[in-house]
Amino acid sequence: MPRASRQDRRERLGNAKRLRKRIYKSLFRNNLISFFCLAFLTSQVALVWSKAGSCNQPRSPDNVVVSSPLPASRPFEQHEKLVVSLEFTNVCNFKCPFCPQAYEDLPMQPGGSPYDRKHGFMSRAVFDRAVDECRRVAKIVELGFFGEQTLHPQYLEFMAALVDRPFQLETNTNVSMVTQAMMRVWVSSKLDLVRLSLDAVTPEVFNVARPGPVRSLTTGKIVADADRMAAVNEKVHAWLAMPDHRPTRLVYVNSSYNQGEKQKFIDYWTPFLGKDDHVLIKQVLSYGGKIVDPLIQSHRCNVWEVKYLVIDNTGVASPCNLDTNMDLALGSVMEKSVEELYFGERAQWLKSRTGCGNPLTPCRTCTDGNNWSKNEKHGRASTCATGEQLVQLRVA
Ligand code: SF4
């Protein structure tokens, strides 16, 4: 093989250098691209990590993601304010024959309207929400709609939470389960009216008109049938004897189950009434077309005039205080404000259709609305007010 000349060697060396240079250049250019690619990718990964990391961080109050709060009603003008019934529970320990509770196991109530609503107890969340709305929309809150409210396990707690309020507060009870602690909370909560449903003063009549277990105030035990009236009366006497007891109404519903008992009831209790207490004689109602009794008398529906709103133990609202099955439900306060419910589309639709005998459940079989025209109010001095006067008092 001939030896390469000096010239050839120089050329080969020059070619090798150029080739090396090209390779270095190419490598450098590719590395630069790779570097930037890598840097970009790294920054994106860091970003993702930083976002992901923030999900697990405890959130400061500023960056907490709050699910949208429940809508609040505007404060109602005085003339718009509602009479709200809050139902702690629709469970009752009595089965009074003039009440739909007595027939809830039947496929249909005697009057033809249904009552098959599920039993339940109001949760603290529903209670807080309903009361919060009542602060803006209610002039009167009645604790009780359909059931014995003292059966609620948080009855004392709920009552104590109602001390500061911008509305009048009233409670209903059949007295059977009332305890000394409940009477004390009625006083400390400064209740505006305590309504005690009695309907009788004679043990035999009481056992027919108001059957169900009664607990003794002194022993806390369920008493024998023969002692039921005495046990209830003992509680009423104990309450009325408390010097700081709140204004009290002793309620007597005039039905075919307690005939002949009315005057005895008035005469028995009147001497024990304080100056702010009274006896109220009421006419039996069909309960929105559920009950049948020869003493039920027809009357027009007045629920929109009174501005009723019932909130049941689940938070569902109805404009009728006799709609015990919530067939006229407007919706739930756990989703909408009372303002939206009471003035909304559904309410307007119902307003033009409710009324005794109208083709709507339960109005279809309702003949008497809230017939207060025969009501009598008796106090220490004499009869204080009657019938339509009482209607006016409630509407005003
Ligand atoms: S007519 Fe209807 S809305 Fe009126 S009281 Fe009777 S059930 Fe209630």
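## Buried residues in a predicted model

In helix 4, which spans residues 180-188, the buried residues are M182, V185 and W186. Viewed down the helix axis, the buried residues of helix 4 fall within an arc of 105 degrees, so they line one face of the helix. An α-helix has 3.6 residues a turn, so residues three or four places apart point the same way. The structure described here is a predicted model. The cover over the buried residues of helix 4 includes helix 3, strand 3 and strand 4. After helix 4 comes K190, whose phi is positive, near 50 degrees.

The largest nonpolar core holds 79 residues, of which V84, A138, V141, L309, I311 and A317 touch the most other members. Helix 2 (residues 124-137) gives the most to this core, with 5 residues. In soluble globular proteins, nonpolar side chains tend to be buried together.

Y342 is found in helix 9, residues 338-343. Y342 counts as buried because 24 other C-beta atoms lie within 10 Å, and the cut-off for a buried residue is 20 or more. The C-alpha atoms of Y342 and Y308 are separated by 9.6 Å, although the two residues are 34 apart along the chain.

The table gives contacts of two residues, leaving aside neighbours within four places in sequence.

| Residue | In contact with |
|---|---|
| L309 | L82, V84, A317, P319, V338, Y342 |
| Y342 | L82, L309, L330, A347 |

Around the ligand there are 13 residues, and G288, C301, C320, C363 and C366 come nearest. This shell divides into 8 nonpolar, 4 polar and 1 charged.

Note on methods. Residues numbered from 1 in each chain as written. Predicted model: local features only at pLDDT ≥ 70, side-chain atom pairs only at ≥ 80, totals over all residues. Core = buried A, V, L, I, M, F, W, Y, C linked by C-beta atoms within 7 Å. Buried ≥ 20, exposed ≤ 12 C-beta atoms within 10 Å, placed from the backbone. Helix = DSSP H or I, 4+ residues; strand = E, 2+ residues; numbered from the N terminus. Contact = placed C-beta atoms within 7 Å. Near = placed C-beta within 6 Å. Nonpolar A, V, L, I, M, F, W, Y, C, P; charged D, E, K, R; others polar. Arc of directions from axis to C-beta.
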